[in-house]
Structures are given as structure tokens and as C-alpha cells.
Amino acid sequence: MEKKVQILNYSIIRLCDKPELKETAAQWFHEKWGIPLEAYLESMDDCLKGANAVPQWYVALENSQIIGGMGVIENDFHDRKDLSPNVCAVYTEKHKRGQGVAGALLNFVCKDMKEKGIETLYLVTDLTSFYERYGWEFFCMVQGDGEPDMARMYIHKM
């Protein structure tokens, strides 16, 4: 009986290490989340200035195509401004889900943030039982800006 083995062939890139990806990455995030393109470009410009640890942006590339990505920003559109910084815009292309891309990105981001002196990250999500696999813990409920329902806030301490 023949066994099939899925070979993962992607790289995780920090935008600050590959600034030429800025426009492509901003467009990709905009298409996934519907946040104005200009907001992503502005945040990515701040990232590329390198003046602060936050914001930061990350993508997973396979054959020069973005298959996943996330950012770290001060606040991911919620009422708890004291819970900062936030992992945001976590997304993996549908055909790549279940292959560990998001988990690899999360682990990479946590390590990178720790190296920048940030030891606690927060994340807002509607998902349950996904982030726990990667060391995140439910922290509290938060009110999203302009959202009628509360959302789950997770915490990760490195």
C-alpha cells in the first residue's frame, strides 16, 4: 500500500526582513479581512521604520505566494486598550489549513516578540480550542469596536 506524505515547503518571513513584500502583503491582508488597504500600508510602513517592536507583520510564503500571515499591533479594535500588544489578522489560505501553517506562524511570532523584549501577547478571536494547541489561554471577554457581541481574548506568556 502506497503512503502519501505531505511535504511542507514554505518559509516564514518577517516583513522587516523583506520590505519589497509590503504592497503584496498589504493587498493580501486587505482581501482576507476587508480592512482598508491604507490601514495595512500605514501599519507596515511603521513596521519597516523599525523604531519600535510593534507593529510587526509576518507571512508564510510557498513558491513566492502568501499562504498565511499575521501581524502584531497595539490594539486589535477592542475596548481593552490595556491588553497590548495584540496578534491580529491571523489567516491561512483554505487549501493550506490543517497543515500547521498558522501554528508555525504563531510560534515564530511569539519567539520574535520575545527577542524584542515583549513577553506577553494578546489575541482576539471567535474560535475556541484552536489557539490552546499553541500555548494560548483564554483570558477574558472583550467588546470589539462597533461589534454587538463580545469576543474572546487570549493571552500568551513567553
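Biologist: What makes Lys81 count as exposed?

Modeller: Exposed means over 50% relative accessible area, buried means under 20%, and partly exposed lies in between, with a 1.4 Å probe and protein chains only. Lys81 has 51% relative accessibility, so Lys81 counts as exposed. Please note that this is a predicted model, in which local features need pLDDT of at least 70 and side-chain atom pairs count only at pLDDT 80 or more, while totals for chains, interfaces and linings use all residues. Residues are numbered from 1 along each chain as its sequence is written, and side-chain values use heavy atoms, with hydrogens and water left out.

Biologist: Why is the contact of Asp145 with Lys81 called a salt bridge?

Modeller: A salt bridge requires a side-chain nitrogen of Lys or Arg within 4 Å of a carboxyl oxygen of Asp or Glu. The closest N and O atoms of Asp145 and Lys81 are 3.8 Å apart, so the pair qualifies. Asp145 belongs to the loop between strand 6 (137–143) and strand 7 (150–157), and Lys81 to the loop between strand 3 and strand 4, 64 residues apart. Helices (H or I, at least four residues) and strands (E, at least two) are DSSP runs, numbered from the N terminus. With a relative accessible area of 43%, Asp145 is partly exposed.

Biologist: What parts does the salt bridge between Lys32 and Glu93 tie together?

Modeller: The closest N and O atoms of Lys32 and Glu93 are 3.0 Å apart. Lys32 lies in helix 1 and Glu93 in the loop between strand 4 and helix 3, so the bridge ties together parts 61 residues apart in sequence. Lys32, at 24%, is partly exposed, whereas Glu93, at 15%, counts as buried.

Biologist: Why is Asp76 described as having no salt bridge?

Modeller: Asp76 is buried, and the nearest side chain of opposite charge, Lys81, is 9.7 Å away. For charge, Lys and Arg count as positive and Asp and Glu as negative, while His and the chain ends are not counted. A distance of 9.7 Å is not within the limit for a salt bridge, so none is assigned to Asp76. Asp76 touches Asn86, Val87, Cys88 and Val124, leaving aside residues up to four places away in sequence; contact means heavy atoms within 4.5 Å.

Biologist: How do you know that the buried residues of helix 2 are on the same side?

Modeller: The buried residues in helix 2 are Tyr40, Ser43, Met44 and Cys47. They cover an arc of only 100 degrees around the axis, which puts them on the same side of helix 2; the arc is that of the directions from the helix axis to the C-beta atoms. The face turned away from that buried side carries the exposed residues Glu38, Glu42 and Lys49. The cover over the buried residues includes helix 1 (22–33), strand 2, strand 3 and strand 4.

Biologist: What is meant by the largest nonpolar core, and which residues have the most contacts inside it?

Modeller: A nonpolar core is a set of buried Ala, Val, Leu, Ile, Met, Phe, Trp, Tyr and Cys residues joined through side-chain atoms within 4.5 Å. The largest one has 22 residues, and Val87, Leu121 and Trp136 have the most contacts inside it. Helix 3 supplies the largest share of this core, seven residues. Apart from it lies another core, of 18 residues, including Leu15, Ala25, Ile73 and Ala89.
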